[in-house]
There are 2 protein chains.
Amino acid sequence: MNFSSKLLENAVNEVSQLPGIGKRTALRLVLHLLKQPKERTTYLTEALQNLKEKVKLCKNCHNISDVDLCEICANKNRNDELICVVEDIRDVMAIESTAQFRGMYHVLGGKISPIEGIGPQNLTIDSLIAKVRGGTIKEIIFALSPTMEGDTTNFYIYKQLEDIDISVSTIARGIAVGNELEYADEITLGRSILNRIPFEGSLKQ
Amino acid sequence: MNFSSKLLENAVNEVSQLPGIGKRTALRLVLHLLKQPKERTTYLTEALQNLKEKVKLCKNCHNISDVDLCEICANKNRNDELICVVEDIRDVMAIESTAQFRGMYHVLGGKISPIEGIGPQNLTIDSLIAKVRGGTIKEIIFALSPTMEGDTTNFYIYKQLEDIDISVSTIARGIAVGNELEYADEITLGRSILNRIPFEGSLKQ
């Protein structure tokens with residue numbers, strides 16, 4: 001690209017470092033900002049800087065929070081005997097928006113993935129184990145994506161918890177509501193037959 | 001979306017105001033920034049702020065520039081008798097990258113578009129007319145997109161220049177190099193037959 005301005009080139013280079021944003025898209029975004037009133041840029045950059053400087057991770061569940069203990073962990077009405085283990089704060093948001101879960105969360109910060117160089121020590125697994133050994137927790141629900149990495153992570157944590165007397169479950173896997181059976185992949189469909197549920201159970205919600 | 005942090009919500013809202021970026025993409029970008037070292041965010045926000053505060057429009061051609069007169073206008077080796085009228089600085093970059101044009105540019109800043117509320121007074125048309133009346137220019141090339149708005153803008157400017165003795169041309173329209181004829185639209189194909197060029201001319205470059 002032939003830039004007529006170093007400032008422009010610099011801004012485009014920085015924006016194009018974001019995932020999924022190429023140089024052309026970056027240029028489009030930057031030129032859009034230039035056409036907007038100056039405050040737009042100020043609001044954007046201040047919001048990003050503020051987030052980066054002031055945001056905290058909840059000391060209990062590692063969810064993103066403005067304070068030391070996130071809203072969910074601080075909520076006395078939630079069931080602190082039940083912990084849902086998720087990969088990412090986006091998963092917390094997704095589960096919260098279902099309004100079906102009233103327990104607590106534990107955000108791992110990723111999945112074990114040797115290819116990406118992520119081992120157990122890069123995740124918050126130790127803090128989870130310590131929390132479980134601490135006492136009150138009765139059940140752990142694994143809510144990681146059903147991929148090779150997700151399953152590996154589930155199994156690793158499960159092994160660490162073997163000597164502790166708690167129940168461990170994983171979110172149900174099967175055909176998504178609204179999906180056509182003929183388009184389901186073979187593994188999902190095969191397992192959904194093996195792990196069939198009593199019809200009465202399926203009527204809940 | 002259920003945000004666990006106001007700071008996060010604020011950042012996502014600001015990022016999702018960019019064109020073509022929805023809330024989910026904004027969240028993905030913001031969380032990516034959070035995972036990166038702090039400097040990444042600082043570099044990004046500083047680049048955007050610097051651009052917005054310091055960037056100038058070239059006083060001659062209205063191209064984006066770091067100084068009062070852009071590199072192209074300041075270049076003595078370029079032909080200042082030839083002006084290429086474009087909509088946007090991206091078009092300058094596109095034409096410059098062909099290395100086929102050694103004249104000057106004039107950036108209109110848009111096209112006349114009543115639907116979007118853009119009239120001639122919102123563009124740099126007056127400055128173009130004044131420049132042409134100023135003297136040295138011998139030819140104007142319209143290089144706007146061949147759309148209804150582009151054609152309207154070309155015609156409006158052409159009308160303003162009627163009493164001045166300069167030649168006015170427009171970039172060639174026809175079948176793009178490498179395209180299959182059978183997929184060309186009817187208007188382009190029809191016009192490309194009417195406006196056929198001598199075969200010897202087509203051998204250039």
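This is a predicted model: local features need pLDDT of at least 70, side-chain atom pairs count only at pLDDT 80 or more; totals for chains, interfaces and linings use all residues.
Which residues of chain A does UniProt list for "domain: Toprim"? The UniProt entry, which is unreviewed, gives residues 81-176 of chain A, with positions in the numbering used here and with the caution that annotations may be inferred rather than shown by experiment.

Residues are numbered from 1 along each chain as its sequence is written, chains are lettered from A in the order in which they are written, and side-chain values use heavy atoms, with hydrogens and water left out.

Over residues 81-176, chain A is 32% helix and 20% strand, with the end C-alpha atoms 28 Å apart; helices here are DSSP runs of H or I of at least four residues, and strands are runs of E of at least two, numbered from the N terminus. The domain assignment, which is automatic or taken from a database, divides chain A into domain 1 (6-54) and domain 2 (75-171), and their C-alpha centres are 35 Å apart.

Turning to the interface, chain A and chain B each give 54 residues to the contact, meaning heavy atoms within 4.5 Å. Together they bury about 5200 Å², 68% of it on carbon and sulfur atoms, where buried area is the accessible area (1.4 Å probe) lost on putting the two parts together, summed over both.

There are four salt bridges between chain A and chain B, and 22 in the whole structure over all chains, a salt bridge being a side-chain nitrogen of Lys or Arg within 4 Å of a carboxyl oxygen of Asp or Glu. Arg40(A) and Glu14(B) meet in a salt bridge at 2.8 Å, N to O; Arg40(A) lies in helix α3 of chain A and Glu14(B) in helix α1 (residues 6-15) of chain B, so this pair joins two chains. Lys35(B) forms a salt bridge with Asp88(A), with the closest N and O atoms 3.9 Å apart.

On the side of chain A that touches chain B, the elements giving two or more residues include α1 (6-15), α2 (23-35) and α3 (38-54), and α3(A) provides the largest share, 15 residues.
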